[in-house]
Amino acid sequence: SCADIMGSAAMMLTTLPMPAYMPFEEQFKAYYTWAGTRLGNTMTCNCQGFFFKLGAITMYPYNASLCIYYCCVLAFKMKENHVKKYVEPVLHLIPISLGLIAAVGPLLSQMYNPSTLQAWCV
């Protein structure tokens, strides 16, 4: 799905979007040890964190929505027009809303930073 692609693309970039220079790196050298090349800045780190979070959080509800869709079509034998009109909008609204809520909050509060535990900005 598109959510999987967004999250995977953000993870694929690994350490590249991380800021090339971080102000407290020399003081906390034991914590800031990344093996990869860092070419980015704060904005690229924010973008990577946003798309990683959006993709990762949106993916699970979309998988559940797909299960609900098949349940409606196969088990409940709902007509295609009824599913498209009433069920599908909700099945898109919920995953996108949850993903945006989870991804926009840290973006607005500037919480996306390089992680010492993972190879991308979280």
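Lys84 and Glu80 both sit in helix H3, four residues apart, or about one turn of the helix. Helices here are DSSP runs of H or I with at least four residues, strands are runs of E with at least two, and both are numbered from the N terminus. The two residues form a salt bridge, with their closest N and O atoms 3.3 Å apart. The term covers a side-chain nitrogen of Lys or Arg within 4 Å of a carboxyl oxygen of Asp or Glu. Side chains of opposite charge can pair when their charged atoms come close. A search of the whole structure finds one salt bridge. Glu80 counts as exposed, at 54% relative accessibility. Exposed means over 50% relative accessible area, buried under 20%, and partly exposed in between, with a 1.4 Å probe and protein chains only.

The model is predicted: local features need pLDDT of at least 70, side-chain atom pairs count only at pLDDT 80 or more, and totals for chains, interfaces and linings use all residues. Residues are numbered from 1 along each chain as its sequence is written, and side-chain values use heavy atoms, with hydrogens and water left out.

**Cysteines**

Cys45 and Cys121 form a disulfide, with their sulfur atoms 2.1 Å apart. A disulfide is a pair of cysteine sulfur atoms within 2.5 Å. By this rule the count is one. The link of Cys45 and Cys121 is left-handed, with -115° about the S-S bond. It joins distant parts of the chain: Cys45 is in helix H2 (residues 42–75), and Cys121 is in the segment after helix H3 (80–108), 76 residues apart. Cys45 and Cys121 are both buried.

Cys71 is partly exposed, with a relative accessible area of 32%. Cys72 is buried, with a relative accessible area of 8%.

Thr58 lies in helix H2. Thr58 is buried, at 5% relative accessible area. A polar atom of its side chain lies 2.6 Å from the backbone oxygen of Leu54. A polar contact is a pair of N or O atoms within 3.5 Å; within protein, one must be able to donate a hydrogen and the other to accept it, and residues adjacent in sequence count only if both atoms are side-chain atoms. Leaving aside neighbours within four places in sequence, Thr58 is in contact with Ala3, Pro95, Ile96 and Gly99. Contact means heavy atoms within 4.5 Å.

Ser65 is also placed in helix H2. Its relative accessible area is 8%, so Ser65 is buried. The Ser65 side chain reaches the backbone oxygen of Leu91 at 3.1 Å. Not counting residues up to four places away in sequence, Ser65 touches Leu91 and Pro95.

Ile68 is another residue of helix H2. Ile68 is partly exposed, with a relative accessible area of 43%. Ile68 and Glu88 are 20 residues apart in sequence, and their C-alpha atoms are 9.7 Å apart in space.

**Loop and surface**

Met12, Leu13, Leu16 and Leu39 make a nonpolar surface patch of about 420 Å². Patches use residues with over 30% relative accessible area and no salt bridge; like charges are joined within 9 Å, and nonpolar side chains (Val, Leu, Ile, Met, Phe, Trp, Tyr) within 5 Å. Accessible areas come from the Shrake-Rupley method with a 1.4 Å probe, and for residues only the protein chains shown count as cover. Leu13 lies in the loop between helix H1 (2–12) and H2. At 37% relative accessibility, Leu13 is partly exposed.

**Positive phi**

Most residues other than glycine have a negative phi, and most peptide bonds are trans. Which residues other than glycine have a positive phi? Thr14 and Gln110 are listed here.

| Residue | Phi | Place | Relative accessible area |
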